[in-house]
Amino acid sequence: MTLTTLAALLENPPLRTTELRLNDSIICKIYELPVSVFDRVRAISEEEDDDVNMDDIVYVAAWALAGRKPTDEELAAISDRFGTRSVMAIYFEALKFSQLDVGAVEREKKH
């Protein structure tokens with residue numbers, strides 16, 4: 001076991017990673033989402049289906065891809081270049097992986 005300090009953890013947070021297959025030829029690494037992203041996820045879940053703010057979904061997906069707070073340029077690039085299907089796949093996989101999906105709360109209650 002390695003003993004570490006808060007400063008070291010803040011410098012290099014212990015975020016888990018997993019691979020996500022976007023199509024037959026593209027596999028990307030996504031990172032576990034931090035607690036700070038939860039407010040955006042909650043806001044998205046509270047919106048009506050026809051009022052969903054894609055900017056929030058793009059933010060969550062970008063965070064998962066970068067493993068850190070995305071820059072404005074990265075957010076714009078994802079919005080301009082990625083298809084909706086890819087962004088939504090990244091978003092939903094990041095939620096499941098980070099245990100922020102709807103079923104996660106119920107699964108945790110059972111433990």
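**Terms and the values behind them**

Author: Glutamate 74 counts as partly exposed, because its relative accessibility is 25%. Buried means under 20% relative accessible area, exposed means over 50%, and partly exposed lies in between (1.4 Å probe, protein chains only). This is a predicted model: local features need pLDDT of at least 70, side-chain atom pairs count only at pLDDT 80 or more, and totals for chains, interfaces and linings use all residues. Residues are numbered from 1 along each chain as its sequence is written, and side-chain values use heavy atoms, with hydrogens and water left out.

Reader: Where is glutamate 74 found?

Author: Glutamate 74 sits in helix H4. Helices (H or I, at least four residues) and strands (E, at least two) are DSSP runs, numbered from the N terminus. The chain has six helices and two strands. Along the sequence the pattern reads α-β-β-α-α-α-α-α.

Reader: How far apart are glutamate 74 and valine 58 in space?

Author: The two are 9.7 Å apart, C-alpha to C-alpha, and 16 residues apart in sequence.

Reader: Why is aspartate 56 called buried?

Author: Its relative accessibility is 12%, so aspartate 56 counts as buried. Aspartate 56 belongs to helix H3.

Reader: What is aspartate 56 in contact with, leaving aside neighbours within four places in sequence?

Author: Its contacts there are Arg40, Ile44 and Glu47. Contact means heavy atoms within 4.5 Å.

Reader: What makes aspartate 56 and arginine 40 a salt bridge?

Author: The closest N and O atoms of aspartate 56 and arginine 40 are 3.0 Å apart. A salt bridge is a side-chain nitrogen of Lys or Arg within 4 Å of a carboxyl oxygen of Asp or Glu, so the pair qualifies. Aspartate 56 lies in helix H3 (residues 54–66) and arginine 40 in helix H2, so the pair ties together parts 16 residues apart in sequence. Arginine 40 counts as partly exposed, because its relative accessibility is 32%.

Reader: How many salt bridges does the structure hold?

Author: It holds five. One of them joins the side chains of glutamate 32 and arginine 16, at 3.7 Å, N to O. That pair links distant parts of the chain. Glutamate 32 is in the loop between strand E2 (27–31) and helix H2 (38–46), and arginine 16 is in the loop between helix H1 (6–11) and strand E1 (17–21). Arginine 16 is partly exposed, because its relative accessibility is 42%.

Reader: Which residue forms a salt bridge with aspartate 39?

Author: Arginine 42 does, with the closest N and O atoms 3.1 Å apart. Both residues lie in helix H2, three residues apart, about one turn of the helix. Aspartate 39 is partly exposed, because its relative accessibility is 46%. Arginine 42 is partly exposed too, because its value is 37%.

Reader: How many bridges pair E1 and E2?

Author: E1 and E2 pair over five bridges, in the antiparallel sense. Two strands pair if DSSP finds at least two bridges between them, so five is enough. In E2, isoleucine 27 is the bridge partner of arginine 21. A hairpin of five residues joins E1 to E2.

Reader: How many residues has the largest nonpolar core?

Author: That core has 23 residues. A nonpolar core is a set of buried Ala, Val, Leu, Ile, Met, Phe, Trp, Tyr and Cys residues joined through side-chain atoms within 4.5 Å. Ile30, Leu33 and Val60 are among those with the most contacts inside it. H3 gives the most to this core, with eight residues.

Reader: Why is leucine 6 called exposed?

Author: Its relative accessible area is 60%, so leucine 6 counts as exposed. Leucine 6 is found in helix H1.
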